[in-house]
Amino acid sequence: MISISVGQAMLRLRATRTGTGGAVPACGHRSIQGIHGIGGPTREGRALASRIAAAMSYPGVTKEGPVICTEPDGRRLQVNVAEAGLDTLTIRCLDWDRDRFDIEFGLQNGTTYNSYLIFGEEKTALVDSSHEKFRELFMPVLEEELKARGRKVDYLIVSHTEPDHSGLTPDVVARWPDCEVIGSKVCIAFLDGLTHVSMKTRVVKGGDTVDLGGGHVVEFTIAPNLHWPDTMFSYDHASQIMFTCDAFGMHYCSDDPYDTDLSLLDDHYRFYYDCLMKPNARSVTTALRKVKDMSFNTVANGHGPLLRYNVREMVDRYQKWSEASTSKTTNVLILYSSDYGYSDRLSQTLARGVTKAEVATEMMDLLSVDQQELVEAVGRSSAIVLMAHPSDSSEAKNSMGTLLSAVKSKQVVVIAESFGGRDEPVDQLSAAFVAAGLEPFSAPLRGKNTP
């Protein structure tokens, strides 16, 4: 079934939309001319600018897949395809009836898991896969879109390894074994531990690029803790799309792939920020500073509608909210162990509670944190919340040694179990802080049931 998206009908009405920073061209453009010569005086630049304008002025047809009730309780799953920009499609997995996401999220409107295909002149990149529950729906659609263009997946860009975005990575690699899996150093290490699948990988750092041809040069920005330690952004210089995974997303499922009506999205956008990003507000401001010179007309997020019509306004909200949060005089450092038990989920729930008290938080992963950054974070914190780490982790033990040497006697410490099966005993952790001159604020928090 094929239908025209609501975004198309609204596009011309929004052609002269005014944002918070003054007049904004149609579709949230900051400038077609942007950076690195795009739209410049050369013939090639003018031609590329024309292609971008054409892609942005006509969002294209959304291909709607059938609604499938594959879950035992009859919850609905669906996969749609829409144009995201120049030579770029989004494959949106719609989880219509999901009512809870992780521990802290009660959902009112389900959620989506967004993936993207970038078709360069020579190579094709898939940005993120999807949740494994969509295996029987996602993979045939991906195959169809590639086959229609005589393409294959040359690169799989993994923005981060949380299973709702990387769950089908083994399936993609099995289907296209020659594809190169691209991610941050932490991401590739996590993938190895999560999938146990042999794959061609490339570790990238900030500023690295991959050239797909035809001007589609994808540049990577490492953006840790948004909201996992392995997160990175990807920016396509040709389409001027910024792929951000969890950042700038929301749990909101609808047929419209774009941010056509902000009145429907505002509350979901803010709630998502408060739960996931506010505890990492310092990391938000750092990431925004890294990409401030990149002119992007679309934010291709991992959940909810793509930001296309209100890019400046929605990004500015993150800046404003994060600056307000980091300006607090009291800071709590929350230390967890990623991909271990319920450590990351429980730590996010605790962080959400702390931020409700209008106290700034900072989250760090004991298994991957830079030791100097840990020392600096301890130095600016009034209190420390420690989730019990896996007792057999050498990385965690190194971080604990750094932590115990950096703490000060006036700092408050709270220790909690991670419910991971191999937790370092919380009583031993408490005793280690006492030996370092700190008295824990309370008895350790212990899990009585599966969170």
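I take buried to mean under 20% relative accessible area, exposed to mean over 50%, and partly exposed to mean in between, with a 1.4 Å probe and protein chains only. Helices (H or I, at least four residues) and strands (E, at least two) are DSSP runs that I number from the N terminus.

**Ground rules.** I am working on a predicted model, where local features need pLDDT of at least 70, side-chain atom pairs count only at pLDDT 80 or more, and totals for chains, interfaces and linings use all residues. Residues are numbered from 1 along each chain as its sequence is written, and side-chain values use heavy atoms, with hydrogens and water left out.

**Overview.** I looked up the totals for the protein and found 13 helices and 23 strands. Of its 451 residues, 58% count as buried. I then turned to contacts, meaning heavy atoms within 4.5 Å. Among contacts between residues at least 6 apart in sequence, 69% join residues at least 24 apart.

**Helix α7.** I checked which residues of α7 are buried, and the list is Leu262, Leu265, His268, Tyr269, Tyr272, Tyr273, Asp274, Cys275, Leu276 and Met277. For background, an α-helix has 3.6 residues a turn, so residues three or four places apart point the same way. I also looked at the span of α7 (residues 262-277), which is only 20 Å between its end C-alpha atoms, while a straight helix of 16 residues would span 22 Å at 1.5 Å a residue. The expected span is 1.5 Å times one less than the number of residues.

**Sheet β15 to β19.** I traced an open sheet of 5 strands in the order β15-β16-β17-β18-β19, with mixed pairing. β15 (209-211) and β19 (298-301) are the edge strands, each with a single partner, so one side of each has no neighbour in the sheet. From one strand to the next the twist averages 20 degrees. Two strands pair here if DSSP finds at least two bridges between them. For angles, axes are lines fitted to C-alpha atoms, for helices over the stretch in contact, and the values run from 0 to 180 degrees between N-to-C directions.

Glu219 has Tyr235 of β17 as its bridge partner. The loop between β16 and β17 holds His227, and the peptide bond from Leu226 to His227 is cis, with omega near 0 degrees.

In β18 (residues 241-245) I picked out Thr244. With a relative accessible area of 1%, Thr244 is buried. Neighbours within four places in sequence aside, Thr244 is in contact with Phe233, Val299, Ala300 and Asn301.

**Pro305.** I found Pro305 in the loop between β19 and α9. Pro305 counts as buried, at 1% relative accessibility. Not counting residues up to four places away in sequence, Pro305 touches Arg92, Met250, Tyr252, Asp256, Pro257, Tyr258, Asp259 and Leu265. I also noted Asp255, which is 50 residues from Pro305 in sequence and 9.1 Å from it in space, C-alpha to C-alpha.

**Helices α8 and α9.** I looked at how α8 (residues 281-290) packs with α9 (residues 311-326): the angle is about 135 degrees and the axes are 8 Å apart. The two helices are therefore oblique to each other. I sort angles as roughly parallel under 35 degrees, roughly antiparallel over 145, roughly perpendicular from 65 to 115, and oblique for the rest. The α8 side of the contact consists of Ala281, Arg282, Val284, Thr285 and Leu288, and the α9 side of Val315, Tyr318, Gln319, Ser322, Glu323, Ser325 and Thr326.

**Sheet β20 to β23.** I traced an open sheet of 4 strands with parallel pairing, in the order β21-β20-β22-β23. β21 and β23 are at the edges with a single partner strand each, so one side of each lacks a neighbour in the sheet. The twist averages 15 degrees from one strand to the next. β20 (residues 331-336) and β21 run parallel and are joined by 6 bridges. Asn331 stands opposite Ala360 in β21. α10 packs on this sheet and touches β20, β21 and β22 (383-387), its direction making about 170 degrees with that of β20.

**Positive phi.** I noted Glu358, which has a positive phi of about 60 degrees although it is not a glycine. Glu358 sits in the loop between α10 (343-356) and β21 (360-365) and is partly exposed, with a relative accessible area of 46%. Phe419 is not a glycine but has a positive phi of about 60 degrees. Phe419 lies in the loop between β23 (412-416) and α13 (426-435) and is partly exposed, with a relative accessible area of 28%.
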